[in-house]
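This briefing covers side-chain contacts, the nonpolar core and the surface of one protein model. Please keep the sequence and the structure in view while reading.

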Amino acid sequence: MEDNKKNVYVTVHKNFVRENIEYPDRKTGETKTFNSVTLPKGTIIDGVDVSYYQFTPLFVNPSRFKGENFRDIPLLADKEVWLKKDALDADGNPVLDEDGKQVKDIVKVMPAQLKEAINKGRETYLASLDDKAKDAREASANQDREARHAEPVAR
C-alpha cells in the first residue's frame, strides 16, 4: 500500500493536551485510551472563534522543536478535523436534544487551517505579553522618576 498522505503537525502547549484518558470499551469491556486537545483562547478560523473547542487526535508526541512543554500532534493533511464544544444556552446551561442528550457544537476544519489559526493565536498572545511587559517597564520607570523628584516629607 502506498502511503502518499502528508501529515500536518499542530503544536500546542502541554497544558492544552490530555493524554491516555482511559475508558471501558462498550462492546468488549476492555480498557482503551484516547487523547484530547483543547484549543487555546484566541484560536479563530475563518472569523469563527473556536477557542476551547476540543478534538481527539490519534497520536500526541513530545515536540521535536519547541521543547518539553509542547506537544506535536500529527494530523492527516486531507482529513477534516472535527472540533467539538458543548452547546450552552444564554444562561450557560447545557442544551439538550429530544432524547435528553447534550447537544454539541461542531466545526469541521482542515488541519492546515487549524495549524495556521493556532500559530496566529500564539503570535497574538505573545505580542500582547510583549506589550504588557513594555507597559510595566514604562510604569516602573515613571515611578522611579517620580520618587527621585518628589520632595522629602517633613516630619
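**Side-chain contacts and core**

Arg71 and Glu19 form a salt bridge in which the closest N and O atoms are 3.1 Å apart; the term denotes a side-chain nitrogen of Lys or Arg within 4 Å of a carboxyl oxygen of Asp or Glu. The pair links distant parts of the chain, with Arg71 in strand 8 and Glu19 in strand 2, 52 residues apart. The model is predicted: local features need pLDDT of at least 70, side-chain atom pairs count only at pLDDT 80 or more, and totals for chains, interfaces and linings use all residues. Residues are numbered from 1 along each chain as its sequence is written, and side-chain values use heavy atoms, leaving out hydrogens and water.

**Salt bridges**

- The structure holds 3 salt bridges.
- Arg71 counts as buried because its relative accessibility is 16% (buried means under 20% relative accessible area, exposed over 50%, partly exposed in between, with a 1.4 Å probe and protein chains only).
- Lys32 and Asp25 meet through their side chains in a salt bridge of 3.1 Å, N to O; Lys32 is partly exposed at 32%, whereas Asp25 is buried at 16%.
- Asp86 forms a salt bridge with Lys104, their closest N and O atoms being 2.6 Å apart.
- That pair also links distant parts of the chain, from Asp86 in strand 9 to Lys104 in strand 10, 18 residues apart.

**Aromatic rings**

- The structure holds 1 aromatic pair (ring centres of Phe, Tyr or Trp, the last by its six-membered ring, within 6.5 Å; planes under 30 degrees apart count as stacked, over 60 as edge-to-face and the rest as tilted).
- Tyr23 and Phe34 form this edge-to-face pair, at 5.8 Å centre to centre and 65° between the planes.
- Lys66 lies over the face of Phe70, 5.8 Å from the ring centre (NZ of Lys or CZ of Arg within 6 Å of the ring centre and within 35 degrees of the ring normal).

**Nonpolar core**

- The largest nonpolar core has 19 residues, of which Leu39, Phe55, Ile73, Leu83 and Leu114 touch the most other members (a core is a set of buried Ala, Val, Leu, Ile, Met, Phe, Trp, Tyr and Cys residues joined through side-chain atoms within 4.5 Å).
- Helix 1 gives the most to this core, with 3 residues.

Definitions and conventions. Helix = DSSP H or I, 4+ residues; strand = E, 2+ residues; numbered from the N terminus.
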